[in-house]
Structures are given as structure tokens and as C-alpha cells.
Amino acid sequence: MARTAIVTGGTRGIGEAICLALQDAGVAVAATYAGNAARAADFTERTGIRAFCWDVADHAACQQGCAEVEAALGPIDIVVNNAGITRDGTLMKLSYEAWKAVIDTNLGGCFNMAKATFPGMRARRWGRIVNIGSINGQAGQYGQVNYAAAKSGIHGFTKALAQEGAKIGVTVNAIAPGYIDTDMVAAVPADVLDKIVARIPVGRLGQAHEIARGVVFLCSEEGGFVTGSTLSINGGQHMY
Ligand SMILES: NC(=O)c1ccc[n+]([C@@H]2O[C@H](COP(=O)([O-])OP(=O)(O)OC[C@H]3O[C@@H](n4cnc5c(N)ncnc54)[C@H](OP(=O)(O)O)[C@@H]3O)[C@@H](O)[C@H]2O)c1
């Protein structure tokens, strides 16, 4: 059966790879983005996938945005909560605003999107939610109390919502990527990145499509017995 998916932060990086992989699997896909309209327009031109702009940290905007996507593409069967930001700094330097922005976007966004789409999945007795966590939510990371807390929260959110979805055909899983070659990692200073790569057993950064393959599996019919799990895709950097 044809399915419809929404991928938050789908216009670049890991999200773009997820959109393309789901599209290849025969799913009708919508992407969202926060405000980089030039990248979104380029994405849509290259892929034919529509992009919708709203802030996943905004609860009302998620309700309204998902209604718009459903009007355009049909009921949402699959949600990939991929939108995420970093605002790094040690606790001594981290502002309350940087703490709140990361928690509200990375973790609050998962709640807001689930609130907008879970009732429809429940009514139709089928759904897939995949939340993109992080190795740094599993292991912690210096200078990232906000990011690590939000991503760690995603793993708890996943296990709790999976219990609510299990009897109604809705699976909820997480993927915890290691370091993946995207704009987010390009922002890490080169000397720091060299040290990070030196700690990855496979000896390289991951590629966005390697995360996307995991998402496609979790969203497939065959993935129906997998719920509440976290799939670590990190080149062996953290075996959890
Ligand atoms: N890259 C890594 O190594 C890595 C490792 C572990 C986990 N992750 C996680 O994987 C996910 C994707 O990472 P990435 O590296 O692909 O990121 P990225 O290249 O920085 O792209 C982020 C995407 O999220 C969107 N976005 C950001 N804030 C948003 C908001 N408030 N509302 C809606 N959309 C928003 C961006 O939209 P605009 O284009 O409009 O800004 C963009 O499409 C994130 O959750 C990240 O934490 C990444």
C-alpha cells in the first residue's frame, strides 16, 4: 500500500538522504525546513519533493503544518523526526536561550510532531515514527549538555511512546547516528574533527545515506515487529 511520510529537516543533510530513500521505496514524501528557503527550493527542484516551512519547536505550527501536508499529500503514515540543531558551549558559557532552543527544537519537536500525527495513525491502525537521536545522547559529549540532554530525551520518548503504539499498529523507534558528513559536522573545527575521526573504528565519517537505509527498514511493513528500539549507526564508535 502506498504510504505518505513527513521528514522534518528534510531539505538537506541526513534528512535529504532520508527523503530520497523513502521516495525510492515508493513512499509519497514531504519535507520540512526551518527557513533556508534557497536550499529548500534547490532540494525540491532536484528531487520533486515538496518542502514546507515551519518551526518544529512551535506546537501550533506543527498542527497547522501537518494539516497542510495532509491536504496536499493525504494522511501521514510515517513521521521522521530529524530536524535538529546544535548550540554548543560548556555549562559555564551556555546561555539559557541556547539550552532552551536545543531542547525545544530537538526534543520538543518530536512531541509536537507526534501530537499532530499520532491520533491519525491510531485511527488508521498503522504508523511509523522514527526519531533521530545521536551518539552524543547515548555517551554524552563535552560542551553539549543541551544537545546530549535533548537527544538522550529522544531515546526515552521513543521507548515510552512505543508502548502506547504497540497495540495499535504504530511502531516508534530511534536511530542514533555517529558522526555523519553533513553541514552540522562541517561546522566542527578541523582539528577537533580529526580527533573525532581517529576514534571511529571504521576510520571515517558516516554518510547520510547510511542513516537513511536504517530509516527505510524501520518504516517498512517488514519492520512491524521492531518497536522501542534504538539503532546505533556510528562506525563502531559507541557500542551501546
Ligand atoms: N550530522 C551528524 O553527524 C549527526 C550526528 C548525530 C545526529 N545527528 C542528527 O541528525 C539530524 C540531522 O542532522 P544534519 O547533520 O543532517 O543537520 P543539518 O545538515 O544541519 O540540517 C538540519 C535540517 O533541519 C532543519 N531544521 C533545523 N531546525 C529546525 C526547526 N526548528 N524546524 C524545522 N526544521 C529545522 C534545517 O532547516 P534549514 O535548512 O531551513 O535550516 C535542515 O533542513 C539532527 O537531528 C542531528 O542532531 C546528526
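Of the 240 residues of the chain, 49% count as buried. The model described here is a predicted one. Nine helices and seven strands are present in the chain. The radius of gyration is 17 Å, close to the 18 Å that the globule rule gives for 240 residues, so the chain is as compact as a globular protein of that length. Taken along the principal axes, the box filled by the C-alpha atoms is roughly 50 × 40 × 35 Å. Among contacts between residues at least 6 apart in sequence, 71% join residues at least 24 apart. The chain exposes about 11200 Å², of which carbon and sulfur atoms supply 56%.

Leaving aside residues up to four places away in sequence, I18 touches V7, V80, N82, I132, A212 and V215.

T11 is found in the loop between strand 1 and helix 1. Because its relative accessible area is 4%, under the 20% limit, T11 counts as buried. When residues up to four places away in sequence are not counted, T11 touches E16, A31, T32, Y33, R39, A40, F43 and A51. P201, in the loop between helix 8 (190–198) and helix 9, is exposed, with a relative accessible area of 57%. With the same exclusion of residues up to four places away, P201 touches G235, G236 and Q237. P201 and H238 are 37 residues apart in sequence, and their C-alpha atoms are 9.4 Å apart in space.

L91 lies in the loop between strand 4 and helix 4 (96–124). The relative accessibility of L91 is 63%, over the 50% limit, and therefore this residue counts as exposed.

Charged side chains were also considered. Side chains of opposite charge can pair when their charged atoms come close. The structure holds eight salt bridges. In one of them, the side chains of R46 and E16 meet at 2.7 Å, N to O. R46 belongs to helix 2 (residues 37–47) and E16 to helix 1, so this pair ties together parts that are 30 residues apart in sequence. R46 is partly exposed, at 47% relative accessibility, whereas E16 is buried, at 13%. R46 also forms a salt bridge with D42, at 3.0 Å, N to O. Both R46 and D42 lie in helix 2, four residues apart, or about one turn of the helix. D42 is partly exposed, with a relative accessible area of 34%.

A further salt bridge joins the side chains of R124 and D77, at 3.9 Å, N to O. R124 lies in helix 4 and D77 in the loop between helix 3 (59–73) and strand 4, so the pair ties together parts that are 47 residues apart in sequence. R124 is partly exposed, with a relative accessible area of 34%, while D77 is buried, with 8%. Finally, R12, R39 and D183 are linked in a network of salt bridges.

Technical notes. Residues numbered from 1 in each chain as written. Predicted model: local features only at pLDDT ≥ 70, side-chain atom pairs only at ≥ 80, totals over all residues. Heavy atoms only, no water. Contact = heavy atoms within 4.5 Å. Helix = DSSP H or I, 4+ residues; strand = E, 2+ residues; numbered from the N terminus. Buried < 20%, exposed > 50% of the residue type's maximum accessible area, 1.4 Å probe, protein only. Rg over C-alpha atoms; globule rule 2.2 N^0.38 Å. Areas by Shrake-Rupley, 256 points an atom, 1.4 Å probe, with all protein chains shown as cover. Salt bridge = Lys/Arg side-chain N within 4 Å of Asp/Glu carboxyl O.
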